[in-house]
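Hello,

Here is the structure you were waiting for. My notes on the aromatic residues and the sheet follow below it.

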Amino acid sequence: MIATVNFGYPWWLTYGHLPLVAVSGLLLALGFWRKWPMWTIILLSALFLWSGTALLAARFVLNINGEVALPTESFLRSGTGRVLDLGAGTGRSSIMVLKARPQATLVALDLFGESFEGHFGPSQSPQQRLLANLQAAGVAGRATIVTADVRKLPFEPASFDALVSAYVYEHLNRAGIQQSFAEAARVVKPGGEFLLILIAKEPWLQYTFGPMLMHQGFHGPDWWTARLQEAGFQVIEQGTRPATLYLLARRAL
Ligand SMILES: C[S@@+](CC[C@H](N)C(=O)[O-])C[C@H]1O[C@@H](n2cnc3c(N)ncnc32)[C@H](O)[C@@H]1O
């Protein structure tokens, strides 16, 4: 049997609108057939339209359980080096880097605690889930898994060529972000890059999920740039992808 990657984000992030599409569609058909009052038909049509478009957006635009491409080709342009993934989870961001940069190696670091369980559900060995995905993607030979907190990194100074992190810092408070960025600046080599990927505040995301993906609230690129600068990084590129804000920063020499 061929193993497949399963990132394990909850089903409702991809198919959560499906029951609403089915129920509102059925009721709409029944309403037309039984000649229900116009206001019920209008309400049901609105619900059907919203849940249908939200379902398409969640499944095909956010596509959180699908593999994802690097948001910028500028990251690790040399194609080689040792990368640290801060908050690797079940491997989506690690696989993104390892597939795009086939000469690179990567340390996939996560606390594998409450936050992991909150995102991916309980499991006996979260590390094993990450490893299984790295193996299924064919990149496990270039990856190492480390259990640690992004606020206290168990590495020597200047031991990485580059850093990546996707959808993690929204879960930390300001002090935690500052602590972790300082640690990131310590463990990356002078001139090394940090690709920071965050959830973006986009109207279609709010249309689709309402308040369900708010986390600690959304900060804009200026706020993140200021935090990175405080830690000794200079932002050299920023941009957006669906549901995503990214900043590419460089550690001062
Ligand atoms: C939304 S998931 C992102 C996982 C992965 N980067 C991705 O793109 O799918 C957030 C991850 O951050 C991890 N995390 C949260 N706080 C952390 C901390 N203080 N130290 C290490 N990992 C942390 C959680 O365990 C979880 O796996």
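Tyrosine 169 is buried, with a relative accessible area of 1%. Please keep in mind that this is a predicted model. Phenylalanine 194 is buried as well, at a relative accessible area of 0%; the cut-off for buried is under 20%.

The structure has eleven aromatic pairs. In one of them, the ring centres of tyrosine 169 and phenylalanine 194 are 6.4 Å apart and the planes stand at 70 degrees, so this pair is edge-to-face; planes over 60 degrees apart count as such. The pair links distant parts of the chain, 25 residues apart: tyrosine 169 is in the loop between β4 (160-166) and α7 (174-187), and phenylalanine 194 is in strand β5 (residues 188-199).

Phenylalanine 194 also forms an edge-to-face pair with phenylalanine 181, at 5.7 Å centre to centre and with 90 degrees between the planes. Phenylalanine 181 lies in helix α7 and phenylalanine 194 in strand β5, so the pair ties together parts that are 13 residues apart in sequence. Both phenylalanine 181 and phenylalanine 194 are buried. Ring pairs join Tyr169, Phe181 and Phe194 with Trp223, Trp224 and Phe233 in a cluster.

Two arginines lie over tryptophan rings. Arginine 227 lies over the face of tryptophan 223, at 4.7 Å from the ring centre; tryptophan 223 is one of the residues in the cluster. Arginine 34 lies over the face of tryptophan 33, at 5.5 Å from the ring centre.

Now the sheet. Seven strands form an open sheet with mixed pairing, in the order β3-β2-β1-β4-β5-β7-β6. Which strands stand at the edges? They are β3 (143-147) and β6 (233-241); each has a single partner strand, so one side of each is left without a neighbour in the sheet. From one strand to the next, the twist averages 20 degrees.

Valine 107 has threonine 144 in β3 as its bridge partner.

Two helices lie across this part of the sheet. Helix α4 (residues 92-100) lies across β1 (80-86), β2, β3, β4 and β5, and runs at about 170 degrees to β2. Helix α6 (residues 126-136) lies across β2 and β3, running at about 165 degrees to β3.

Regards

Definitions and conventions: Residues are numbered from 1 along each chain as its sequence is written. This is a predicted model: local features need pLDDT of at least 70, side-chain atom pairs count only at pLDDT 80 or more; totals for chains, interfaces and linings use all residues. Side-chain values use heavy atoms; hydrogens and water are left out. Rings of Phe, Tyr and Trp (its six-membered ring) pair if their centres lie within 6.5 Å; planes under 30 degrees apart count as stacked, over 60 as edge-to-face and the rest as tilted. Helices (H or I, at least four residues) and strands (E, at least two) are DSSP runs, numbered from the N terminus. Buried means under 20% relative accessible area, exposed over 50%, partly exposed in between (1.4 Å probe, protein chains only). A charge sits over a ring if NZ of Lys or CZ of Arg is within 6 Å of the ring centre and within 35 degrees of the ring normal. Two strands pair if DSSP finds at least two bridges between them. Axes are lines fitted to C-alpha atoms, for helices over the stretch in contact, and angles run from 0 to 180 degrees between N-to-C directions. Contact means heavy atoms within 4.5 Å.
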